[in-house]
Amino acid sequence: MSDKPILTIALSKGRILEQTLPLLEFANLMPKENVQTTRKLMVDGPEDWAGSKVRFLIIRAADVCTYVEKGAADLGISGRDLLLEYKPHVYEPLDLKIGKCRLCVCGPKDAVEAGDALITGGRIRVATKYDTIAEDYYRKQGVHADVIHLYGSMELAPLVGMADKIVDVVETGNTLKANGLVEEATLFDVSSRLIANPASFVTKKKQVQAVIDQLREAVKNREKVKESE
Ligand code: AMP
């Protein structure tokens with residue numbers, strides 16, 4: 001058995017993973033298996049990376065904050081949208097500049113263009129997975145948001161009359177358009193962040209700092225390549 005410390009990194013499944021892997025590759029921090037196809041939830045990485053054995057957890061994006069906050073992972077990659085919704089107690093040392101999109105309030109095209117806010121008796125029905133962000137946004141305007149929590153495809157809710165608005169991430173806007181919706185307000189820009197457990201920041205300082213430094217170089221390199229394209 002190796003007595004090297006283990007450095008655990010939580011990666012999120014789905015569209016961000018594809019953009020994360022080239023950054024990990026640049027940092028020589030690759031999982032030993034194809035994490036896009038394996039059904040394993042824990043995958044080995046390099047045996048000796050900055051004096052640590054690395055392992056990866058492959059989990060849902062919304063769970064990355066939890067694993068890192070609880071210390072089950074030392075580091076993780078999470079969207080800014082989820083960090084602002086769940087407000088986990090983690091450090092956020094690096095913007096990876098991937099998974100870029102924006103969090104928006106969107107509504108039916110006709111109503112938004114006619115300036116109809118769809119507020120009835122100071123209330124509005126909002127479909128979202130960002131309950132806290134949506135409630136805060138409307139509270140600041142003196143409106144009560146009746147949040148309908150959904151796990152995906154929010155765009156459907158106004159179409160079937162279940163919600164007046166949605167609060168969701170938008171990248172190209174194609175999904176909105178295909179469903180007769182438009183952006184009414186942009187709440188903030190989103191990208192994926194490297195997050196770290198505060199205790200790991202102290203107890204595995206050397207390794208955590210090495211990951212930050214290497215990924216910072218990977219991000220710089222990616223930006224340079226993009227500029228030259
Ligand atoms: P789009 O049609 O490109 O605007 O993409 C919109 C759909 O993709 C929505 O249903 C969003 O929930 C999802 N989406 C867009 N960007 C992201 C992202 N960076 N991370 C996760 N989901 C996203």
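Predicted model: local features only at pLDDT ≥ 70, side-chain atom pairs only at ≥ 80, totals over all residues.
**Entry on Thr-8**

I began with Thr-8, which I found in strand E1, spanning residues 6–12. The residue is buried, with a relative accessible area of 3%, and I noted that its side chain is joined to that of Arg-55 by a polar contact of 3.0 Å. Setting aside residues up to four places away in sequence, I listed what Thr-8 touches: Arg-55 and Leu-57, together with Ala-72, Ala-73, Asp-74 and Leu-75.

**Entry on Ser-52**

I then turned to Ser-52, which sits in the loop between strand E2 (42–44) and strand E3 (53–59). Its relative accessibility is 0%, so I recorded Ser-52 as buried. For its side chain I looked up two polar partners: the side chain of Gln-207, in a polar contact of 3.1 Å, and the backbone oxygen of Pro-5, which lies 3.4 Å from a polar atom of the Ser-52 side chain. Leaving out neighbours within four places in sequence, I found Ser-52 in contact with residues including Lys-4, Leu-7, Pro-46 and Glu-47.

**Entry on the cysteines**

How many disulfides does the model hold? My count came to 0 disulfides, taking a pair of cysteine sulfur atoms within 2.5 Å as the criterion. For Cys-101, the closest cysteine sulfur belongs to Cys-104 and is 8.6 Å away, which is too far for a bond. For Cys-106, the closest cysteine sulfur is again in Cys-104, at 5.0 Å, and this is also too far for a bond. I noted as well that Cys-101 counts as buried at 16% relative accessibility, and that Cys-106 counts as buried at 0%.

Note on methods
Residues numbered from 1 in each chain as written. Heavy atoms only, no water. Helix = DSSP H or I, 4+ residues; strand = E, 2+ residues; numbered from the N terminus. Buried < 20%, exposed > 50% of the residue type's maximum accessible area, 1.4 Å probe, protein only. Polar contact = N/O pair within 3.5 Å; in protein donor to acceptor, adjacent residues only side chain to side chain. Contact = heavy atoms within 4.5 Å.
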